[in-house]
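Below is a briefing on the fold and some local features of one chain. Please read it alongside the sequence and the structure.

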Amino acid sequence: MTKMDSDNEITCDWTVSGMDCGSCATKIKDAVARLPGVTRVEVGIMSERLRLTLDEGRTSRDKVEKTVRALGYGIVSREAMQEPAEAHDHGENGIGRSQAVSKATDDSGHGGPGHVHDDPADRGKRWYQTAKGKLVIFTALLLVAAWGVELIIPEVGNWAFVAACLIGVAPVARRAFAALRMGQPFTIESLMTIAAIGALFIDAAEEAALVVFLFAVGEVLEGVAAGKARDGIRALANLVPKTALLEINGATREVPAASLAVGQTVLVRPGDRIPADGEIKEGTSGVDDSPVTGESVPVNKGPGDSVFAGSINTEAALRITVTKTAQDNTISRIIRLVEEAEEARAPTERFIDRFSRWYMPAIVTVAALVVLVPPLAFGQPWDTWVYRGLALLLIGCPCALVISVPASIASALSTGARRGILMKGGAVIEAAAKVSRVAFDKTGTLTHGRPQVTDIVTFGTTTGDELLAVAAGVESGSSHPLAIAILNKAEEAGIAVPPSRDAKALMGKGVIATVGDASAWVTSPGYAKDNVGIDDAGLAQTTMFEEQGKTAVVVFREKTSLGIIAMRDEPRADAPEAIRQLKAMGITPLILTGDNPRTAAAIAASLGMEYQANMMPEDKLAAIREMSDHGGVMMIGDGINDAPALKQASVGVAMGSGTDVALETADTAILRDRVTDIPATIRLTRAAMANIRQNVTIALGLKAVFLVTSVLGLTGLWIAIMADTGATVLVTLNALRLLRFNPERET
């Protein structure tokens with residue numbers, strides 16, 4: 001993907017294959033950032049993404065790709081990886097995704113036995129069919145051949161192992177040299193090359209050849225483990241069908257789903273996946289949204305209801321009007337969210353990244369001291385301490401440590417996405433794991449957000465129909481839940497909505513508009529009293545409604561009260577269970593609402609919560625700030641009226657089935673409209689942070705043990721490389737456990 005930033009600067013996106021650990025990403029980022037005209041470099045390990053801003057007048061895209069390939073990685077422009085629409089026609093010029101990828105990578109010579117890192121065309125293949133797998137087989141054959149030569153001709157056996165070592169380490173040394181030329185002397189490839197060549201000089205050729213083989217095996221294991229961690233994200237892209245039945249003038253024809261445009265109509269047969277986000281035009285059927293939201297029970301939907309791309313039509317044929325293109329549908333935006341979430345790195349991840357940058361040079365310094373000090377200061381044998389120093393170099397690689405955090409974060413993000421919980425990165429996960437209070441907006445979060453008119457009280461000579469007509473006129477065009485309730489009631493009653501103009505929201509208090517020839521208000525009782533819109537008797541009536549848990553609004557014209565409309569918004573069925581779970585987790589829930597105290601008290605009492613009512617947006621903001629002084633706070637709201645509080649909170653959460661607000665404004669989005677997903681989110685983030693702590697302990701613990709045993713001479717080179725590779729594989733596999741974690745289950 002390429003877009004213009006200025007006259008010469010463009011933003012470029014690539015898919016980079018072979019990044020199996022944090023040091024890989026660091027190596028690529030540092031090398032590319034050194035190129036002139038390259039800025040804002042972002043590298044995502046789990047999303048396999050390289051994104052940067054490029055001044056094409058100083059450096060070309062080809063130069064960037066050449067630099068990455070020189071380090072031994074596959075790189076393909078994300079534009080090239082987009083499947084062309086004509087590929088479905090299988091015409092002369094139509095090439096599918098796999099063909100485009102193969103073409104883009106084959107030109108660089110990738111894929112042969114000498115290339116260690118995999119390319120995108122390796123995806124879906126068995127390990128022995130990949131470039132890494134071929135290298136393992138190649139080095140294994142070299143090792144077996146060397147053992148065979150030693151067995152048959154012992155006097156030249158050592159030279160056979162030397163040859164096996166040199167041939168096997170050649171591609172590694174080539175990448176080490178490329179990194180060195182780019183100012184990166186401390187890479188795993190350079191340490192591996194030094195250790196293997198050094199072992200030859202101290203007459204440990206057999207062990208050197210074995211270490212080269214084990215290094216290749218380790219790279220395969222790391223690739224397999226990292227690939228599994230990415231599978232959850234890749235699977236999202238496969239939810240949307242490749243083709244759709246486009247309906248034009250009553251006739252249908254099969255077209256690529258990616259080619260659908262807004263406004264077109266598609267036919268979705270029973271059992272088919274829905275090819276685009278849209279609105280049902282005709283038909284009623286059960287729709288299984290579980291691929292998108294994780295909601296296991298199909299929802300009955302009919303004309304006017306929204307549907308997601310990737311959902312499954314279970315019962316009857318539906319005609320659906322497309323409302324979003326393939327690039328902007330819910331699945332695509334979820335994928336972008338998960339990919340871009342890596343940019344919001346957790347504080348722990350940033351610390352470990354900084355730590356690893358001085359850790360590697362420190363290990364090299366310690367290894368040099370181990371090699372030099374005992375022979376020079378104490379007359380110890382050189383070959384013994386050179387050997388131990390080389391083992392120290394191999395153990396010192398920080399791959400396991402650096403991958404420990406992003407692997408856990410990626411697994412947690414993938415697990416959440418499958419259940420309709422979208423978190424924007426590691427920073428959000430770390431913050432959510434620490435929350436001690438959860439503040440809920442009332443309408444649309446704890447309640448359904450669909451209040452219904454329950455009572456109409458008129459004053460003077462005003463009739464109920466006249467009251468509804470004026471109120472509907474004031475509220476026409478508004479999307480507020482209370483406005484929708486009034487408009488729906490007017491429609492049910494068959495009342496024509498009079499024209500209005502100059503509508504203006506009174507923030508947190510109501511709406512004023514010109515209906516007919518005079519101004520009219522629909523406001524809270526308090527505002528109406530302050531503006532002579534209701535008398536004491538009317539206020540007593542609103543108080544009675546509020547004590548019943550209803551929301552009352554006053555409709556009035558200039559100093560003339562027309563009447564009261566009472567509405568009730570029922571709590572969600574799962575709200576009491578969600579509050580119980582939060583309390584069981586040691587978290588204090590409370591309500592922050594702009595509604596009146598009596599209505600808030602009625603809802604809060606039914607849920608067993610604290611509450612604060614009559615709150616303006618600035619009041620909610622101040623309340624969140626005050627609570628933040630005593631620990632982490634999560635704010636749950638609708639993403640618009642509560643925007644200031646959502647941003648101020650440690651974690652802002654928006655509820656709403658895939659709305660733009662839910663996906664793009666808050667730190668976390670809950671797609672299923674289930675309040676129980678709030679404790680589930682916190683449970684998942686706590687599990688992720690526990691997993692990170694386990695990974696860091698594994699990575700540092702194994703290294704600490706083997707650093708000591710290597711210096712004492714208890715373990716050698718092949719154990720050292722197994723310890724390094726083993727630690728990387730262990731932390732990745734441990735992170736993969738999060739893919740099976742069920743955050744809805746209480747522990």
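Two strands pair if DSSP finds at least two bridges between them. Helices (H or I, at least four residues) and strands (E, at least two) are DSSP runs, numbered from the N terminus. The model is predicted: local features need pLDDT of at least 70, side-chain atom pairs count only at pLDDT 80 or more, and totals for chains, interfaces and linings use all residues. Residues are numbered from 1 along each chain as its sequence is written, and side-chain values use heavy atoms, with hydrogens and water left out.

**Overall**

- The chain's secondary structure comes to 26 helices and 27 strands.
- Of its 747 residues, 54% count as buried (buried means under 20% relative accessible area, exposed over 50%, partly exposed in between, with a 1.4 Å probe and protein chains only).
- Contact means heavy atoms within 4.5 Å; among contacts between residues at least 6 apart in sequence, 67% join residues at least 24 apart.

- An open sheet of three strands has the order 11-10-13, with antiparallel pairing.
- Strand 11 (299-301) and strand 13 (312-313) are its edge strands, each pairing on one side only.
- Two bridges join strand 10 (residues 285-288) to strand 13 in the antiparallel sense, and Asp 288 has Ile 312 in strand 13 as its bridge partner.

- Strand 6 (residues 243-248) pairs with strand 7 (residues 251-256) in the antiparallel sense over six bridges; the partner of Thr 243 in strand 7 is Pro 256.

- Seven strands form an open sheet with mixed pairing, in the order 15-27-26-25-16-23-24.
- Strand 15 (421-423) and strand 24 (610-612) stand at the edges with a single partner strand each, so one side of each is left without a neighbour in the sheet.
- Neighbouring strands of this sheet are turned by 20° against each other on average, direction ignored. Axes are lines fitted to C-alpha atoms, for helices over the stretch in contact, and angles run from 0 to 180 degrees between N-to-C directions.
- Strand 23 (residues 588-592) pairs with strand 24 in the parallel sense over three bridges, and Leu 592 stands opposite Gln 612 in strand 24.
- Helix 22 (residues 617-628) lies across strand 16 (435-440), strand 23, strand 24 and strand 25 (632-637), and runs at about 160° to strand 23.

**Helices 16 and 17**

- Helix 16 (residues 464-475) and helix 17 (residues 481-492) pack at about 135°, with axes 9 Å apart.
- Leu 468, Ala 471, Ala 472 and Glu 475 in helix 16 meet Ala 483, Ile 486, Leu 487, Lys 489 and Ala 490 in helix 17.
- The residues of this contact divide into seven nonpolar, no polar and two charged (Ala, Val, Leu, Ile, Met, Phe, Trp, Tyr, Cys and Pro count as nonpolar, Asp, Glu, Lys and Arg as charged, and the others, Gly among them, as polar).

**Single residues**

- Thr 676 sits in the loop between strand 27 (668-670) and helix 25 (677-711) and is buried, at 13% relative accessible area. Leaving aside neighbours within four places in sequence, Thr 676 contacts Asp 574, Glu 577, Ala 578 and Gln 581.
- Glu 547, in helix 19 (residues 536-547), is exposed, with a relative accessible area of 57%. The C-alpha atoms of Glu 547 and Arg 598, 51 residues apart along the chain, are separated by 5.2 Å.
- Most residues other than glycine have a negative phi.
- Arg 40, in strand 3 (residues 38-44), has a positive phi near 50° and is exposed at 54% relative accessible area.
- Asp 502, in strand 18 (residues 500-506), has a positive phi of about 55° and counts as exposed at 57% relative accessibility.
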